[in-house]
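Subject: Structure handover

Dear colleague,

Please find the structure below.

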Amino acid sequence: MEKRPISVPILALLLLPGCGGNSSDDTIIIYGRENNSGTYMYFKEHVLNKADFAPNVQTLPGTAAVINAVSRDRRSIGYGGIGYVKGVRTIPVKKDDASPAVEPSLENVVNGSYPIGRDLYFYTIQEPQGAVGHFAGWVLGEEGQEVCQKVGYYPLPRERRSQVKPAGPEKKTITIKGSDTMVILGQRWAEHYMAKFPGTVVQVTGGGSGTGIAALINGATDICQSSRPLGEKERAQIKAKFGKEPVEIPVAMDGVAVFVHESNPIKTITLGELKSIYTGKVTTWRALGSAAK
Amino acid sequence: MDRPPSDLLLRAKPRILETLLETAVRASAFLVILFLVLIFVFVGKEALPMLTSSDVHQEVTPWTMTRSLEDGGFVWQPVAEKPKYSLAPLVIGTLKVTLVALIIGIPLAILAAIFTSEFAPQQLREIVKPAIELLAGVPSVVIGFFALMVVATWLQDAFGFIFRLNAITAGIGLSLAVIPIVFTVAEDALSAVPQAFRDGSLALGANRWQTAWRVVLPAAMPGVFAACVLGFGRAIGETMIVLMASGNAAMMSWNPAESFRSFSATIAAELGEVVYGSAHYHVLFFIGAFLFVVTFLLNLAGHWYVSRLRARLEGKR
């Protein structure tokens, strides 16, 4: 009885390296976003063509965490919003084998040549009126779009900006709730807007796109920020309660960047290769290289 | 004047104030219990459609969550064309990390408790006990960050783990949260063993180690066991450390060097952006209710055991 509690940890310690495998192993360590983030939904739809992620995809809270993990793990790969990338190598993405490799730069995302760019949205119940309309109009104007570029996102091309009439303020407080991806962007917009129009208070909180939509349905927020389009069920709920579809306003663009450890020699990656990595068809970097040839 | 002036002052106060204060104090105590009940009612209300709603049952029932899918696999993939809600990978993940945390935490905490109550001189004891208990005050996000950034790197360098974030990394972080709880309760239990036991043992020629290990520890065993139960409850419900250091991959693997996904981290990660009112939403609350009941029962059992032990040692039974 005396010896057991001490010998068990020692035994476990001796067994540990056995669980780990050897270091020449080139298994791909796959990182992704949580399964309800807008980014996850986007990646699933546009890269995996709605197939399921492999169970060994590690999901981390927030793009910053994914980047941090990738920067410390030489076998790893990850994806996330372009606004955050630092300390890892972003790889240009090819739509298919024949297409050119495209960097997720401003012009490539905005002109649509980068294959995995997306829109970020505002949702409201009514056509934006009064102060809300004024704020939305300002966000879509030159100043608002400049702010989103400073935060690391990309402005919408002019022809895609919806026409929101900047009507005069009638309400003193605007509440915005939703996507965690967009919370910094929203706060920056609010800061600049309030500096310019001191009469209005804009409150921005995160919690997730789903939380924002729930708040919109309950009337707890004026604007819902979302990094994904609304789901059918959510649209149906809004329709059932308010008798009409919600108003969807694209407000900015974001490129989903694919990144690897800085020492990783890979030059480009196709959407097909990304799909085989994230669905678990290809599990080692060596196999990925030979599959590409 | 033969009466101290403070006493006079007290007597001068109107009795109504006293009653008022007493009511306020009592009300706050009940308010806290009320909150607990409200939380349970809310979680239960959101979880209930799992049992009753036919809308939810088209997608998932508690029964399908425990069974394998058509292809025989167990997959947690709630956001998919065909959502898959197998609890098995989450059960394995939760148990895996809890076991690692307890294997590391319990021996450390109990040995530390034996040292503090049986061997440490009084002065040292006054330092060691609060210092270890201070660990309970470290926010779990800080421990999680430590596990994620520091422990993960050490372990990967030392053992060459393929998964940087795994059950050992998270388990070590989690053990830091478990240790102060197990330590405090175990130390109380050991200290409560009557001095006569020690005196008797020493008088019969046993040395201090033999006394501590073979007389005091067995006498305090129910309390030490209760400490472990409370530690288990803490480990199974802890969220932030696991969310940060586990990698959150819902793998069907008992290998502690591989990534995993726990119940608590699943709720924390998925509830933020879940489609409001969907089957997935209710599933998360269902898991939450389950976790609530499990930790509640564990805590209840632990505290009941501790108070019973205390009563017995104080000779009230």
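This is a predicted model: local features need pLDDT of at least 70, side-chain atom pairs count only at pLDDT 80 or more; totals for chains, interfaces and linings use all residues.

Residues are numbered from 1 along each chain as its sequence is written, and chains are lettered from A and ligands numbered from 1 in the order in which they are written.

Chain B has 14 helices and two strands (DSSP runs numbered from the N terminus: H or I of at least four residues for helices, E of at least two for strands). Its radius of gyration is 25 Å, well over the 20 Å that the globule rule gives for 317 residues, so chain B is more spread out than a compact globule. That radius is taken over C-alpha atoms, and the rule is 2.2 Å times the number of residues to the power 0.38. Along the principal axes, the C-alpha atoms of chain B fill a box of roughly 85 × 60 × 40 Å. Of the 317 residues in chain B, 42% are buried (20 or more other C-beta atoms within 10 Å of the residue's own, with C-beta atoms placed from the backbone).

The contact between the chains takes 46 residues from chain A and 37 from chain B; two residues are in contact if their C-beta atoms, placed from the backbone, lie within 7 Å. On the side of chain B that touches chain A, α6(B) gives the largest share, three residues.

Beyond its neighbours within four places in sequence, B:Ile241 touches residues including B:Ser140, B:Ala147 and B:Leu174.

In chain A, five of the five residues of β1(A) are buried, so β1(A) is largely enclosed by the rest of the structure. Strand β1(A) runs parallel to β3(A), with two bridges, and parallel to β2(A), with three; strands pair if DSSP finds at least two bridges between them. A:Ile29 stands opposite A:Ser76 in β3(A), and A:Arg33 has A:Leu60 of β2(A) as its bridge partner.

Helix α3 (residues 63-71) of chain A has seven of its nine residues buried, so this helix too is largely enclosed. Its cover includes β1, β2, β3 and β11 of chain A.

Regards

Methods:
A residue is buried if 20 or more other C-beta atoms lie within 10 Å of its own, exposed if 12 or fewer, and partly exposed in between; C-beta atoms are placed from the backbone.
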